[in-house]
Every structure is written in C-alpha cells, then in structure tokens.
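Here are my notes for your read-through. Keep the model open while you go through the points.

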Number of protein chains: 2
Amino acid sequence: MALSNKKGKVNKLRSAAFKRVRADHSAELAGDYVEMIADLIDERGEARCTDIAMRLGVANATVVKTLKRLTDQGLVTQEPYRAIFLTGDGWKLAEDVKRKHEIVERFLLALGVPAETAKSDAEGIEHHVSADTLKAMARFVFRNPFN
Amino acid sequence: MALSNKKGKVNKLRSAAFKRVRADHSAELAGDYVEMIADLIDERGEARCTDIAMRLGVANATVVKTLKRLTDQGLVTQEPYRAIFLTGDGWKLAEDVKRKHEIVERFLLALGVPAETAKSDAEGIEHHVSADTLKAMARFVFRNPFN
DNA sequence: AAGAAAGTTTAGCATAGGCTAACTTATATA
DNA sequence: TATATAAGTTAGCCTATGCTAAACTTTCTT
C-alpha cells in the first residue's frame, strides 16, 4: 500500500514531464508564427501570407487557417486580403520567443556545434527550454562567447 | 532576378529547419512509447497498456490507438488482451532514444540545471537534437561530469 | 466455480495541422 | 482602362493525437 502510493506519486511526476511536452507543442506553432511575422514586419514593413508560407515550408491555405486561430487567440489582427499585424500580446510573445531563440542558438554555437546545425537544432529545442535551463545557457554563453 | 533567386534559396534553407521540426514531432511519440515499453519490460518483465497510459498521463484508449500505429510500423507486437512486446526495430529505436535521453539529461545536469528541471526539459529537448549537437553535449559531459 | 474487479478494446467524438483545387480580390502592366 | 498575374480565401479532404462511455476479457477472491 505504501509502495503503491509511492508508485502513484512517481508516475504523476513522470507524466507531468510528458504533459509539459504536449503543452509546449501546442504553444510552439503560435510562437513560430508571431516571431516570423515580427521579423517580416521589421524587414519589410509588412507580413504577408505567402512569405510566411514560404518560410515555414507550408501551403498557403495552412497559413490562412492557422492565422484564424491566432486571431481568435488575440495574437494577430488582419482584414481580408490585407497584410497581417500583431496585437500587443502578439508582440510580447514574439519578443519572448526571439530572445529564447537567440540564446539557444548562441549557446549551441558556443558549445561548438556547426553554424547550420545550431540554427536548425535551435528551432526545435527553443520551445522546450525552461527558465532554469535558459538561464544556465545564457550563463554559459556569457562565459564562453563564440565571437 | 539574382536577388529573388537568393531569396528563394534562403527561404528554402529556412523552411528546411521547420520541416525537420515537424518530422521530429511525428517521430517523437513512437520514440517515447518504445522507450517506455523497454523500461517496463526491464523493470517488471512485461509492458501493459495501463502502465504506459499512467506514465504518459494519457487515457487508456489513446494508448491502444497509438499502439496500433506502432504495430503497423513494425516497432511493436501484441495479441489481444495480452502484454506488449518490442520487435527488433523497436528495441533498436528504444536503445537509441534512451542513449540520447541520458546524454541530454546528464548534459543539463552538468550545465547546472536543477535535477527536476533537467529531467523534465530533457523529455522535450531530446527529440530535437542532431548528431552534431549530441556529440557536443557528450563532450561537455565528459569534461564536466556532474558527479 | 461464480461474481467482482481490473484491464483491454471499440465506437464515436473533437481539435490541430497538413494538403489540393476552385474561387475571389488586388495589383501591375500592356 | 482592361486584363493578366499574383495573392488571399474557402471548401473539402486526410492523419495524428487526445477524450469518454460502453462492451468485452482476464484475473482475483471468496
């Protein structure tokens, strides 16, 4: 009985990690979109459907559908046939993601990972990094700057 | 024209990273399942539906459905109402994932991340780490062993 | 050996994230 | 200005991953 209680607790802890991964996944796409929209606005003044689709490597219609969700979630605004903009929350999230992205990528570089790989791996890793880990990575970059 | 060709190339490179992330995601679940099944077999001689469901924090029916896919993919074997086993490929994948998992977790510990966090973050990160990055992590662990 | 409990499976539903094809609107150029 | 091209939208499809509820086996207990 004491044993099975302990087992229950262990499993709860264990399953929490997987639950977090699943939650991270559903937040991931939103992060990628707003970051990309922010980049596009910075680079060329506006973000357009087609550019997002190309950069993401996805069909146009997929972008449209996803943007609808993001609009519902209050991250994005748009009018039919017009460019896409970010709400206040959208900008905030974009900044957050971009910051994380930079730290992870620079960390991988500092660790000695080749540049191309660092870029590619950072894209997958960034959404699964907790505040603690991010802090440790930042510390490492600070002590071992790549350039 | 030269410019738009260059842009096309840049976008192709960029989108490749996202494509890889999406591919990683669909492989992820299979990896988690076989690793967990391997653990259960090691720990108690057999893997059962309910245990997997508890550890993953997911409903029983979800496990059943996923196992059907894994069986189709040749990673798992099972007979109705009986325990679950791994095929040769299943074991191979499980070993691979476990190895990656261990390196990532020990790497995070060596980096100074708290134990609980390391465990939890490793679960998300491990599936997005390329061979290059894994090698860099292993090197780091080797030079900065945590214990 | 019968009935209760535990575990497994099926059915049916929902959401997210992909796709293509057909259609509509905006823009650029002849 | 008219029209061709580019861009955005809609509709309808698919798969993966979740869920609950109900049905069916197996196992345990009396």
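1. Start with a term. Two residues are in contact if their C-beta atoms, placed from the backbone, lie within 7 Å. Helices (H or I, at least four residues) and strands (E, at least two) are DSSP runs, numbered from the N terminus.

2. Know what you are looking at. This is a predicted model: local features need pLDDT of at least 70, side-chain atom pairs count only at pLDDT 80 or more, and totals for chains, interfaces and linings use all residues. Residues are numbered from 1 along each chain as its sequence is written, while chains are lettered from A and ligands numbered from 1 in the order in which they are written.

3. Look at helix H6 of chain A, residues 131–143. It has 13 residues and spans 18 Å from first C-alpha to last, close to the 18 Å expected at 1.5 Å a residue. (The expected span is 1.5 Å times one less than the number of residues.)

4. Which residues of H6(A) are buried? They are Thr133(A), Ala136(A), Met137(A) and Val141(A). Buried means 20 or more other C-beta atoms within 10 Å of the residue's own; exposed means 12 or fewer, and partly exposed is in between, with C-beta atoms placed from the backbone.

5. What covers the buried residues of H6(A)? The cover includes H4 (88–111) of chain A, plus H4 (88–111) and H5 (115–125) of chain B.

6. Now the contact between the chains. Chain A gives 33 residues and chain B gives 33 residues. On the chain A side, H1, H2, H4, H5 and H6 each supply at least two. H1(A) has the largest share, 10 residues. That side divides into 13 nonpolar, 11 polar and 9 charged. Ala, Val, Leu, Ile, Met, Phe, Trp, Tyr, Cys and Pro count as nonpolar, Asp, Glu, Lys and Arg as charged, and the others, Gly among them, as polar.

7. Turn to the DNA. A residue is near a strand if its C-beta atom, placed from the backbone, lies within 6 Å of it. DNA strand D is surrounded by 19 residues, with Arg48(A) and Ala59(B) among the closest. H3(B) gives the most to that surface, 5 residues.

8. DNA strand C has 20 residues around it; the closest include Ala59(A) and Cys49(B). Here H3(A) gives the most, 5 residues. By class, this surface has 10 nonpolar, 6 polar and 4 charged residues.
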